[in-house]
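Please find some notes on the structure below.

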Amino acid sequence: MKITNKLNLPDMLVRAVENEYSYRPKRYSITSLLDNDRVLMLKRRYNDLIEQDVSNCIWMLFGSFTHYALEKIELKENEYVEEHLEHTFDNCYTLSGIIDHIDDEYCDDYKTTSVWTVIYGSNNEKWKKQLQMGSYLHYKEHGDWKSKGRIIAILKDWNKRETLNKEDYPKLPVVVINFDLGTPEEVEEMILKRFDEIIELEKLADNDLPMCSMEERFNNGDKYIVIKKGAKRATKVHDTKEDAENHLKNLEKNYPGQYEIQLRPGEDKKCLHYCSCNKMCPYYLMNYDKDIKEIHEELDKMTDKERNDLDE
């Protein structure tokens, strides 16, 4: 991945966030296994072409500072910090990972994250799998299974005032989330199943890779608004066309011809603003790259004969 510096930030920041992870055939990191199918494959196939600006990596860098501080502590017996491990399975695929902290009881991972991620538990399933795979690598290296895992979440947007207004708001800027990691046999089965999926994904062309779900694209779906004709603000936003039509029908009784329904298409916020491999994704290029989108719109207007003549 190429790190750009569009805001001309200090070069030290660029060097600090440069990705040193090298992709090798049949070797996958824990974090990559947690990506969805399309993102996982596109990142590997186009790593040398993908660009990310250093300004978008600041919080990742902040998280690295936490790990650096951990490396400086004096370790107890059977305690490990920032342990780099790999394990190769019988299918010749390798799992690699860096485990933040292991002690007599726990496998720990430190996260710099949002308050709302913790409140809604939106990453809990992914975090649990990450801890399970980290504990598994430690087990394969040392023969010592940790069935308890913890995420130590450092809340970058925590606001003390909100603790007075919201009952479920974290009382401190750090939260410990506990997980039961199960057994090593269960985790191995999960990892091998994921590698089986990856083996099939590697055979697919970019266009044939499974599409990211609407939730993964941060798309809330199409909305139907009832709005007064000529107005700028909607009277009400509806999730379904049927609800919007019923609303309009009621308004027509007292205000005939004054209101209308408009469609607001759902926007793929992650594709547009957060996905590092969007410029390599056929879905993004088809829907959001202006030049390619216009070409396909023109092709859609053509007859079959015109398309065949073009191919010839």
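1. Phe218 lies in the loop between α8 and β9 (223-228). The model is a predicted one, and the points that follow should be read with that in mind.

2. The backbone at Phe218 deserves a look: phi is positive there, about 55°, although the residue is not a glycine.

3. Glu82 belongs to strand β4, which covers residues 80-88. With a relative accessibility of 14%, under the 20% limit, Glu82 counts as buried.

4. Cys57 sits in the loop that links β3 (51-53) to α4 (58-71). Its relative accessibility is 2%, and Cys57 therefore counts as buried. Which residues does Cys57 touch, leaving aside those up to four places away in sequence? They are Val17 and Gln52. Val17 is 40 residues from Cys57 along the chain, yet the C-alpha atoms of the two are separated by 6.8 Å.

5. Thr113 is located in strand β6, which spans residues 106-113. At 8% relative accessibility Thr113 counts as buried. Leaving aside residues up to four places away in sequence, Thr113 touches Val118, Trp127, Ala153, Ile154, Leu155, Lys156 and Asp157.

6. Helix α6 (residues 124-142) packs against helix α8 (residues 184-201). The angle between them is about 110°, and their axes are 10 Å apart. Because angles of 65 to 115 degrees count as roughly perpendicular, α6 and α8 are roughly perpendicular to each other. The crossing of α6 past α8 is left-handed.

7. Which residues make up the contact between α6 and α8? On the α6 side they are Lys129, Gln132, Met133, Tyr136, Tyr139 and Lys140. On the α8 side they are Pro184, Val187, Glu188, Met190 and Ile191. By class, the residues of this contact divide into seven nonpolar, one polar and three charged.

Technical notes: Residues are numbered from 1 along each chain as its sequence is written. This is a predicted model: local features need pLDDT of at least 70, side-chain atom pairs count only at pLDDT 80 or more; totals for chains, interfaces and linings use all residues. Side-chain values use heavy atoms; hydrogens and water are left out. Axes are lines fitted to C-alpha atoms, for helices over the stretch in contact, and angles run from 0 to 180 degrees between N-to-C directions. Helices (H or I, at least four residues) and strands (E, at least two) are DSSP runs, numbered from the N terminus. Angles under 35 degrees count as roughly parallel, over 145 as roughly antiparallel, 65 to 115 as roughly perpendicular and the rest as oblique. A crossing is left-handed if the near helix is turned anticlockwise from the far one by less than a right angle, and right-handed if clockwise. Contact means heavy atoms within 4.5 Å. Ala, Val, Leu, Ile, Met, Phe, Trp, Tyr, Cys and Pro count as nonpolar, Asp, Glu, Lys and Arg as charged, and the others, Gly among them, as polar. Buried means under 20% relative accessible area, exposed over 50%, partly exposed in between (1.4 Å probe, protein chains only).
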